[in-house]
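I set out to record what I looked up in this model. The entries follow the order in which I consulted it.

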Amino acid sequence: MPQLRVKTGPSQGKIYPLISEVVELGREGDVPLQDTAASRKHAEIFAIGDIFFIRDLKSRNGTFLNDEPLPPDDQALLRVGDLIRIGATQIVFEDPPPDEAEVPEFTSGDEDIGATMELSLETAISGVPDEETHEDSVHFSVLYDVARAVSSAFDVGTLMRKVCEITLEATPADAVFVFVREEGKLVPAAHARRVERSMLKVSTTIVKRSLQHNRAVLVTDALRDARFSATSSVVMKGIRSVICAPLLAREQVEGVLYLHTASVKNAFTDDHLRLVTGIALQAAVAIEAIRAQEESRRQLISVFRTLVLAHEQASPTAQAGHCDRVHACAQAICGAMGLPPAEARAVELAALLHEIGKIGAPEGAFRREEGRHDYATLGAEMLRKIEGLEDVASAVEAHLERLDGTGGPRGLIGHQIPRSARIVALADEFERRLETAGDPRGRSRAVKQALMSLNDEVGSQYDEEAFSGLVVALRTGTLTQV
């Protein structure tokens, strides 16, 4: 539930949850303002479903949203992080803060790590014994689990979470971290742990040592090693045993896999070092492949976007940028709904290409009632000729269907319509209603009217889950184009 937090002013720090459909701000409002510039009933915030708007109640000194005055008799859409100003009082519209993210801490980097064992990647590969032991069998089983995780992951975050979970299960580690390189820096990608959050510490020196030599590093029983001083951050953080393995693919460091345990009896061995090195190798190759796929996908979308925009600019009746806006809207809805990455990508591409069947057709070819769904069929036929776009084609073909069966081209009803098509249908219709609103200065009013009218059609025409995703995307600011 969103809330108002008073940032500055006499009531600084106070929080007011927005539990009513209408909340008044003012000297005598639901949110009382002890500000001489505030009117008795200064402004109000009202909700339509889960989305919130603000309007000034003809106050004498006006209401400001993000330092812009609210026009009289108009309302503005509120997004998370927006700043409302009434007189000298500043109020933030926000969602309640989530539980603090568990981000591992790096140490100062001044520790001595003299007691180490290092393993090069060549040694890890060539040092496999001739006879298989029970330990080897276990290791092969773990690496098989990693391979399965790699084959089913479509994004780096999901993959790294699975890698951390598998590694934690296969070793005596108290905690496992993965850091990946982004724009030249190592950033946390995932972790799994058996200890409290206060123990999530990472040795900068050990990480640097591993990256400097592109080798997996094992530090064993650091607390008993005389070369660690009493002020060493390794000692202070209770790290007895650490493994740090670089995520290395084709001489390119993608990040590090880092494990530690504070238990003497569970200290890591060279067998653990070999296993973690093997896991790191697989993870690195997978990261490289995922990033290559993402880059190829970005290039493909860029080509399609240019093609669609050229059609829109050439057509006297098309709204320039419409398909791109539908793409952005569908992308935000998918994020709010938490769709699996593969499904979300198909939806987003279908949203961009939902009118591709109109390309090359005579102007007005689809205006007749009996042919108004034909472009969806033609677009799907085009896309099915491209290998790998079958799901995208299905979404394009069905995006004109409606839940009650009044759409086309096949008259599907309810869940006969693919979820991807239901999302594209909503995004397309929402953007069309905004485009017909005209004056961009009344955009918030247009958003309100579009949401109210769509809300009346949810369940009969449009998907309820997708509509909820649209509302969340607007409120949180994920969808900013409106």
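Which residues have the most contacts inside the largest nonpolar core?

Entry 1, basis. I worked from a predicted model, in which local features need pLDDT of at least 70, side-chain atom pairs count only at pLDDT 80 or more, and totals for chains, interfaces and linings use all residues. Residues are numbered from 1 along each chain as its sequence is written, and side-chain values use heavy atoms, with hydrogens and water left out.

I took a nonpolar core as a set of buried Ala, Val, Leu, Ile, Met, Phe, Trp, Tyr and Cys residues joined through side-chain atoms within 4.5 Å; buried means under 20% relative accessible area, with a 1.4 Å probe and protein chains only. The largest core has 52 residues, and I333, I423, F430, L451, L470 and L474 have the most contacts inside it. Helix α7 supplies the largest share of this core, eight residues. I also noted a second, separate core of 36 residues, with L168, A249, L273 and A280 among them.

I located H327 in helix α7, residues 322-337 (helices are DSSP runs of H or I, at least four residues; strands are runs of E, at least two; both are numbered from the N terminus). H327 counts as buried because its relative accessibility is 7%. Leaving aside neighbours within four places in sequence, I found H327 in contact (heavy atoms within 4.5 Å) with R305, E348, A351 and L352.

I traced an open sheet of five strands in the order β4-β3-β5-β6-β9, with mixed pairing; two strands pair if DSSP finds at least two bridges between them. Strands β4 (31-32) and β9 (75-77) stand at the edges with a single partner strand each, so one side of each lacks a neighbour in the sheet. Strand β6 (residues 51-56) runs antiparallel to β9, joined by three bridges. F53 stands opposite L77 in β9.

Technical notes:
Buried means under 20% relative accessible area, exposed over 50%, partly exposed in between (1.4 Å probe, protein chains only).
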